[in-house]
Every structure is written in structure tokens, then in C-alpha cells.
Amino acid sequence: MTARIIDGKAFAATVREKVATHVARLKEENGITPGLAVVLVGEDPASQVYVRSKGKQTVEVGMNSYEHRLPAETSENELLALIERLNADPDVHGILVQLPLPGHLNEDLVINAIDPAKDVDGFHISNVGLLATGQKAMVPCTPLGCLMMLRDHHGDLSGMEAVVIGRSNIVGKPMAQLLLRDSCTVTIAHSRTRDLPGVVRRADIVVAAVGRPEMVQGDWIKPGATVIDVGINRIDAPERGEGKTRLVGDVHFDSAKEVAGAITPVPGGVGPMTIACLLANTLTACCRAHG
Ligand code: GUN
């Protein structure tokens, strides 16, 4: 049996279409245009690519995009002053500070300076607490995208065994909270987990978010399980020619797809869903702001 390949690119396009339809109606009926401010400090090349892509897709769904590019040597006070201004700006409904920040800036301090109602990343300590206690929260975009794909494939997730590999604040922990909220039995595995293959073999749902290229092997997967691969790793690909590289996930796709019931590819799986969920969160923040 080979797995159904979950097409995140197509799914993300349908999410964006729904957002665009809602945005058009908000404009027409209420004269409101949702606005997303993205703040980039420094010149990290990967962050620059993400920020450009976010800005482009924000405009494509009819929202206003406000980009703030600051030099790497920006002081904490300067960055906090910008966040204050964005918090107070009624045209800005969502604020995203691209991570990682340069080393001299305290990420926790900066993220927690964002108005929780505008925290479309769902990283503010208030949103983390609201999610953990089952209250209405802004939910981090990558885990939200994973959950949407899981619900679309399975419908009800209740009672399923889910293993999340990775315990980051951005993906692993909120993913576990979301699966728990949907009544899965959840295990968070990580680099110190003993017998990781044995733990993964129990799972009906595997979410891999460890940042280790192709670590999860096909023979770790329970036959028929659903595998969501959050990893984006660039590795050398000498078979494509000298100096060439390719993108792979945290799952060894070719072996896993022979065992799994469904699997997300890399690229074209979770990745496109993240920005689509960011736009959905911005729309949610705008609707909440306007009652
Ligand atoms: N850097 C990598 N992923 C993310 C994300 O989801 N949000 C922010 N703000 N920065 C990131």
C-alpha cells in the first residue's frame, strides 16, 4: 500500500480563497480592511524569503501589508517602541515579529510586548496560557495548519494515539495542546526520548518537528498511520550535480510513504499551510477587534 499524499499547497490555496472572500465582504459591508504588520530585524536570508512571501500573500487576499525592516543593530528599546506604535494603530490587526531575532534582543520580552489580541503568531504568554486551558486563543500558525490537514483527512480525531516529535514553543508544544483539545492521547517525544522508534510505532498520528533531515524511517511507522512532516531541511544532493541541494523533511519520505496511510510531502505539505493560517488568524483578529 502506498500512502495518500496530502496536498498542502492545494489545501492552502482553498484556505486563502475563503479568507479572500471574507475580506472582500468585510470591505464591502463594513468598510474594514484587515491589516498585518510584519517586523524583520536584520538580514537573515531565510527570514527575508519568508517575510517577502507573507507580504505578497497578504496583499493577494485583499489585506493591507505593513512591512517594517529594521537594521540588525536595532536596540531593544527601538523595537519595543515600534511594537507600541503598532499596538496602538487601529489599522493594524495582526503583528508578527519574524524570529529568530539578533542575539542582543530578548525574544520573550519582545513577543510579550505585542498586544495579545494582535498576536497572530500565538506566541504571547497569554495566548499560550489560553490554549493550554482550553480558552479562545490565537493559535500558532504551523500547528494550526497541521491540525486542519488532520481534521480534513480523518474528521474526528477523538481517541487517536498521537506522537509529536519535538518540543519547541513554535510547533511541538502547541501541536500537542491542539491534539489534546481534539481528544487525542498525546505523547511529546524529543531528542532524549528512549526508544523513539518504539514510541513512534504506537502512533495513529505522527507529527515530526525535530529539524533532523529524514530522521523518521519508514519502519518506525505503524501501517496506515498519518504522518505530518513539519521539517524543512536543505541537504546536499550530489546526484543532481556538483554543489546542488534539495529540501527534505524530518521524515524519510520514500520509505514512510510505503507504510503510512497518508503523508505530507516536503516541499508542498505543511509549509504552504503556515502562511495561509497566518492570514486566517489576521482575519480572526480583525473580526474580534470590530466585535
Ligand atoms: N520563524 C520561523 N517560523 C516562524 C513563525 O511561525 N513565526 C515567526 N514570527 N517567526 C518564525
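I keep in mind that the model is predicted.

**Entry 1: the sheet**

I began with the strand order. I found an open sheet of six strands, and the order reads β1-β11-β8-β7-β5-β6. The pairing is parallel. Next I asked which strands are the edge strands. They are β1, residues 4-5, and β6, residues 185-189. Each of these pairs on one side only.

**Entry 2**

I then picked out β5 and β7. Strand β5 covers residues 161-165, and strand β7 covers residues 205-208. I counted four bridges between β5 and β7, in the parallel sense. I also looked up V164, and its bridge partner in β7 is V207.

**Entry 3: a helix on the sheet**

What does helix α7 touch? I traced α7 over residues 172-181 and saw that it packs on the sheet. It touches β5, β6 and β7. The direction of α7 makes about 170 degrees with that of β6.

**Entry 4: two helices together**

Last, I turned to α1, residues 8-30, and α10, residues 270-289. Their axes lie 8 Å apart, and the packing angle is about 15 degrees. Angles under 35 degrees count as roughly parallel, so α1 is roughly parallel to α10. I noted that the crossing of α1 past α10 is left-handed.

I listed the residues that meet. From α1 they include F11, V15 and V19. From α10 they include M273, A276 and L283. Sorted by class, this contact of α1 with α10 has twelve nonpolar, three polar and two charged residues.

Note on methods. Residues are numbered from 1 along each chain as its sequence is written. This is a predicted model: local features need pLDDT of at least 70, side-chain atom pairs count only at pLDDT 80 or more; totals for chains, interfaces and linings use all residues. Two strands pair if DSSP finds at least two bridges between them. Two residues are in contact if their C-beta atoms, placed from the backbone, lie within 7 Å. Axes are lines fitted to C-alpha atoms, for helices over the stretch in contact, and angles run from 0 to 180 degrees between N-to-C directions. Angles under 35 degrees count as roughly parallel, over 145 as roughly antiparallel, 65 to 115 as roughly perpendicular and the rest as oblique. A crossing is left-handed if the near helix is turned anticlockwise from the far one by less than a right angle, and right-handed if clockwise. Ala, Val, Leu, Ile, Met, Phe, Trp, Tyr, Cys and Pro count as nonpolar, Asp, Glu, Lys and Arg as charged, and the others, Gly among them, as polar.
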